[in-house]
Amino acid sequence: MTTIIFNRRNLLAAGGTALAAGISGLLLPARAAGLSPTSSMSGGSNNYQKGAAIVDRIGKGGFWMSGTVRRAGDGAPLAKQRIQIWAHTTEGQEHEPQSHGATLTDKDGKFRLEMPQIIPIFGQPHGHLAYDSGEFQTVFLRPVMRSARDKSLEAHFVLQPA
Amino acid sequence: MRLARVSLIWAVLAAAILVPIGLAATSPQLEWRGPIYIVAGFAGIIALGLVLVQPLLIAGYLPGLSGYRGRRAHYWIGGALVVTVVIHVGGLWITSPPDMIDALLFTSPTPFSPFGVIAMWAIFAVAVLAATRQLLGLRPRTWRIAHMSLAVLIVVGIVVHGMLIEGTMETMSKTALCALVLAAGIKVMVDLRVFRKGATPRGENPAGDAR
């Protein structure tokens, strides 16, 4: 019986992978005509609180959230863009203020913020990121960790003018 | 010999349900969760356990609870299942309203959510039908097909939902419980010849089916 269960699970995982591959396949041709903007992910804005402060580190740290911010079309890195980050961590739930923080991208469009370890909430270990500063269109991301034991997570933004 | 068999059946059933609950109670995840979230999670695990008991009761496989007593227990445990689902969904709603609303609207990013929501509606539908079948004058065969179709959704939905979740349940005990839920559901469907035309369940008086 155990084998059947794992097969079912594998089947679902395979289905999801195929779906993801299909979606990225759809997105790829757009890349040829210029970098297409990132769409918000479903559930990305859950427990968002506008205006998280820019911090050196969220809480006691130990986990790294990183990524890049680029401009749609030419893919130019965007410096000094404010990225807000929040998650359910070992130091608080998603909606609690101490779970929120923000950071700015460097001249290469990269950002990196230390935060407490993310732990699974609602069945998946995931983080939330937002670009919501007005100059470009707002994007909410919700990346999922490959394993709950991961010590880092990445998310990448391609923004289009508002 | 008979006593040994009876004890074995009850011991296996108790272990299948209580071991996963016990192991979940030792999960390190609990440290980072609030009490309402913890209660909601355990309500879900208990619901999974009740879904294992239900087919066994209605098929009369549990010693001391066959026939009429089995059906009465099945009826009341069905009610308990509704309560656990309400606690599960309600507790998760309080923990994170936007995530729960996404799940209920089938817009959740998590692949397991729709399976859970479908199982929830199927459980509610069975409960409403069971409570009103006499009022509605449902024929036994109509009731049986409706209940069993919904039961398929419940069993498949709750098992897929549970298996895909990364939560407090320990993987091996969760897999074993889910396997037993599936096995019990399939065995009872086959034994009671649910979807066979004109069939009456084994060892059950067709007249007794009306209640």
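At what angle do helix H5 (residues 113-136) and helix H6 (residues 140-164) of chain B pack, and how far apart are their axes? Keep in mind that this is a predicted model.

**Stop 1: two helices in chain B**

Select H5(B) and H6(B). Their packing angle is about 155 degrees, and the axes lie 8 Å apart. Angles over 145 degrees count as roughly antiparallel, so H5(B) is roughly antiparallel to H6(B). The crossing of H5(B) past H6(B) is left-handed.

Now show the side chains between them. From H5(B), colour the contact residues, among them Phe115(B), Ile118(B), Ala122(B), Val126(B), Leu129(B) and Arg133(B).

**Stop 2: where chain B touches chain A**

Keep H6(B) selected and bring in chain A. The contact between the chains involves 23 residues of chain A and 24 of chain B. On the chain B side, helix H4 (97-104), H6 and helix H7 (171-191) each contribute at least two residues. Which of the elements gives the largest share of that side? Select H7(B): the largest share, 5 residues, is its own. The chain B side splits into 13 nonpolar, 8 polar and 3 charged residues.

**Stop 3: Glu94(A)**

Move to chain A and select Glu94(A). This residue sits in the loop between S2 and strand S3 (100-104). Is Glu94(A) buried or exposed? The cut-off for buried is 20 or more other C-beta atoms within 10 Å. Glu94(A) has 23 of them, so it is buried.

Next, display its contacts beyond four places in sequence. Within chain A they are Asn47(A), Trp86(A), Ala87(A), His88(A), Ser99(A) and Ile121(A). Ser96(B) is also on the list, from chain B. Then draw a C-alpha distance from Glu94(A) to Gly127(A). It reads 9.1 Å, for two residues 33 apart along the chain.

**Stop 4: Asn47(A)**

From Glu94(A), step to its contact Asn47(A). Asn47(A) belongs to the loop between helix H1 (2-32) and strand S1 (63-71) of chain A. Asn47(A) has 20 C-beta neighbours inside 10 Å, so it counts as buried. Check the backbone here. Most residues other than glycine have a negative phi. Phi of Asn47(A) is positive, near 65 degrees.

**Stop 5**

**Stop 6**

Select S4, S1 and S7 of chain A. They form an open sheet of 3 strands in the order S4-S1-S7, with mixed pairing. Which strands are at the edges? Strand S4 (110-115) and strand S7 (152-159) are, each pairing on one side only. From one strand to the next, the twist averages 20 degrees.

Zoom in on S1(A) and S4(A). Their pairing is antiparallel and runs over 6 bridges. To see one bridge, pick Phe63(A) and its partner Met115(A) in S4(A).

Definitions and conventions: Residues numbered from 1 in each chain as written. Chains lettered and ligands numbered in written order. Predicted model: local features only at pLDDT ≥ 70, side-chain atom pairs only at ≥ 80, totals over all residues. Helix = DSSP H or I, 4+ residues; strand = E, 2+ residues; numbered from the N terminus. Buried ≥ 20, exposed ≤ 12 C-beta atoms within 10 Å, placed from the backbone. Pairing = 2+ DSSP bridges. Axes fitted to C-alpha atoms, helices over the stretch in contact; angles between N-to-C directions. Contact = placed C-beta atoms within 7 Å. Parallel < 35°, antiparallel > 145°, perpendicular 65-115°, else oblique. Left-handed = near helix turned anticlockwise from the far one by under 90°. Nonpolar A, V, L, I, M, F, W, Y, C, P; charged D, E, K, R; others polar.
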